[in-house]
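Grab your viewer and work through these exercises one at a time. Try each task before reading the solution below it.

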Protein chains: 2
Amino acid sequence: LSTKVSGEAQWISSLRRQAAGARGRLRLGIGDDCAILRPRLGEEIVVTTDLSLEGVHFRRDWHTPESAGHRCLARGLSDVAAMGARPISAFLSLALPPELAGDWADRFACGLLALAGAHGVPLAGGDTAQAPGASGKALLAADITLLGAVPSGRALLRSGARAGDLIYVTGTLGGAAAELRVLAREPAAFARLRRASGAHPHLFPEPRCSVGPRLLALASAVIDVSDGLSTDLQHLCQESGLSAELDQGALPIAPRADLALALNGGEDYQLLFTTPAARRVPRTIAGVPVTRIGRMLPRRRGAPRMVLIGADGSRSAIEAGGWQHLQ
Amino acid sequence: LSTKVSGEAQWISSLRRQAAGARGRLRLGIGDDCAILRPRLGEEIVVTTDLSLEGVHFRRDWHTPESAGHRCLARGLSDVAAMGARPISAFLSLALPPELAGDWADRFACGLLALAGAHGVPLAGGDTAQAPGASGKALLAADITLLGAVPSGRALLRSGARAGDLIYVTGTLGGAAAELRVLAREPAAFARLRRASGAHPHLFPEPRCSVGPRLLALASAVIDVSDGLSTDLQHLCQESGLSAELDQGALPIAPRADLALALNGGEDYQLLFTTPAARRVPRTIAGVPVTRIGRMLPRRRGAPRMVLIGADGSRSAIEAGGWQHLQ
């Protein structure tokens with residue numbers, strides 16, 4: 001049995017520096033019993049935690065450490081954006097198998113910190129422990145906590161949609177699942193993809209941090225598409241007590257993806273939101289394309305919760321078929 | 001490989017109810033992308049995360065699930081108290097091996113929620129995932145995030161001590177390590193101890209939540225004794241840039257403990273604090289005994305950071321010999 005990771009890894013020192021240099025709401029970062037945040041007047045704080053497990057959310061043999069670290073933080077940032085909030089600090093708890101305590105952990109931290117830096121989010125604290133390694137089977141677990149700030153009473157909930165509201169989504173859908181499918185079928189392609197330039201919706205998803213706060217003036221309800229459009233739309237329908245119709249021809253299906261992946265592929269980290277029908281929604285928000293894909297309807301007993309309308313006007317029920325991680 | 005824990009365990013429903021019923025700063029608990037907290041005017045938010053790993057912080061064969069859950073939350077509560085803050089919400093991320101997903105997890109949650117309820121802290125969110133179980137070696141990992149509230153600019157840091165300040169500690173020291181020593185040597189005693197009424201400083205430690213905020217008017221620096229008096233006092237000395245002397249005869253050694261356990265045993269979750277020498281410190285704070293154990297001194301190069309003064313006036317250097325979890 002083991003103890004805390006001995007000493008402080010190099011990246012913890014860099015976190016201290018990054019946190020110390022952070023402006024704004026963070027008064028005290030790593031190095032005391034707690035971090036201290038000073039909320040601004042008229043602000044509320046949103047909080048989310050997301051657990052990333054080796055073998056469930058990433059695999060050591062598929063994902064580079066940088067990708068695993070990036071993906072870990074992206075999940076939390078996306079949740080904050082889905083409230084219409086700005087991220088103000090992150091906390092990382094990391095259970096490290098002994099064989100990952102050096103280079104792997106440093107590269108994991110690099111991937112995470114690069115994304116944090118891109119969004120100006122200080123890593124303000126956390127905890128590390130060395131997972132017991134006697135069995136040689138210890139798995140990495142990383143839990144990320146994100147705090148965000150949003151004007152009081154303005155946070156965008158899943159429950160805010162009204163019948164007649166229109167449904168929009170940012171970016172494209174199914175891209176992350178399509179990239180993962182390639183990776184799973186052909187590990188050699190993985191290495192090629194990892195090295196290739198360009199977008200990597202699975203390996204390096206881009207949470208919609210800039211879009212979220214812009215939705216405060218626009219949206220009635222928001223959720224992030226983390227489990228898949230069908231599953232996340234169902235959450236929004238349930239919380240709002242409504243049904244939904246999607247127009248198949250309108251879905252912004254990602255290159256290499258198909259309808260099934262667009263509906264059920266997860267981890268796209270797009271924002272799915274509703275607006276009153278009369279509200280004008282721009283084609284892009286913060287540079288991200290926005291597509292109208294359907295509408296919210298009153299809930300009718302016995303009728304399917306979600307319906308897909310084909311190009312020929314055909315109607316088929318959508319089942320929540322959200323993404324199964326890394327099966 | 002596995003996915004999220006299917007469905008919602010019964011205890012998640014009870015968490016939703018508990019959070020929904022919480023008064024005060026929690027506006028929205030479990031069920032959206034984030035929880036929402038409304039800080040009060042003139043308040044800062046403190047944040048801590050603590051990772052509890054099976055085999056490092058608890059053992060399935062030694063600790064009941066209730067004890068593991070209690071201990072998990074106690075670590076976070078103690079960190080909040082050490083800032084002089086009141087806990088306002090907790091978040092739990094839980095990686096569950098498949099065989100623990102039913103009864104064990106429910107009992108873990110019971111232990112955690114009982115302590116949360118005792119301190120009026122709503123569990124406002126979190127994440128659960130089923131750890132990959134193919135190898136049969138998956139370990140439980142629980143990460144607790146605690147948020148607390150403290151008057152702006154008043155949080156008590158490790159760095160606030162001044163030369164000449166007196167050193168105090170709450171309760172007794174070494175009790176948790178002594179109980180663990182009995183448990184480790186004689187597993188049969190474990191079952192007896194678990195059933196016995198009375199204090200269980202290791203199995204069910206009592207974080208000093210009521211004492212922490214009372215120290216705002218009293219203390220110059222605070223740290224919680226989680227790693228052991230010698231190690232935690234060293235942190236306080238380092239952050240304050242000072243040395244310290246402890247009076248051996250004054251140390252409040254717990255029943256069944258000895259000097260070594262009082263100095264180096266961890267997980268007592270007492271508060272170690274300093275006050276200006278002229279300040280009057282009551283003998284009990286919020287019903288918890290408080291003992292003066294030493295004084296802070298200027299740092300002298302070449303001299304030991306911490307010194308123990310024996311009853312005969314002898315002086316010996318104290319090495320930071322903090323607790324090694326469950327070895």
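**Exercise 1: a helix pair**

Work out how helix α2 (residues 65-81) of chain A and helix α3 (residues 103-118) of chain A pack: their axes lie 7 Å apart, at an angle of about 40°.

*Solution.* Some ground rules: this is a predicted model, where local features need pLDDT of at least 70 and side-chain atom pairs count only at pLDDT 80 or more, while totals for chains, interfaces and linings use all residues. Residues are numbered from 1 along each chain as written, chains are lettered from A and ligands numbered from 1 in written order, and side-chain values use heavy atoms, leaving out hydrogens and water.

Step 1: helices here are DSSP runs (H or I, at least four residues), as are strands (E, at least two), numbered from the N terminus. Axes are lines fitted to C-alpha atoms, for helices over the stretch in contact, with angles from 0 to 180 degrees between N-to-C directions.

Step 2: classify the angle. Under 35 degrees is roughly parallel, over 145 roughly antiparallel, 65 to 115 roughly perpendicular, and the rest oblique. So α2(A) and α3(A) are oblique to each other.

Step 3: get the hand. α2(A) passes α3(A) in a right-handed crossing (the near helix is turned clockwise from the far one by less than a right angle).

Step 4: list who touches whom, with contact meaning heavy atoms within 4.5 Å. Contributors include A:L73 and A:L77 of α2(A), and A:W104 and A:F108 of α3(A). The contact residues divide into eleven nonpolar, three polar and two charged (Ala, Val, Leu, Ile, Met, Phe, Trp, Tyr, Cys and Pro are nonpolar; Asp, Glu, Lys and Arg charged; the others, Gly among them, polar).

**Exercise 2: one serine**

Is A:S243 buried or exposed?

*Solution.* Step 1: find A:S243 in strand β9 (residues 242-247) of chain A.

Step 2: apply the cut-offs: buried is under 20% relative accessible area, exposed over 50%, partly exposed in between (1.4 Å probe, protein chains only). A:S243 has 6%, so A:S243 is buried.

Step 3: check the neighbours. Leaving out residues up to four places away in sequence, A:S243 touches A:C237 and A:P304, among others.

**Exercise 3: two chains**

What rotation superposes chain A on chain B?

*Solution.* Step 1: superpose by least squares on C-alpha atoms of residues with pLDDT of at least 70 in both copies. A rotation of 180° with 0.0 Å of shift along its axis does it, at RMSD 0.0 Å.

Step 2: name the relation: a two-fold axis.

Step 3: compare surfaces. 100% of chain A's contact residues recur in chain B, so the same surface serves both copies.
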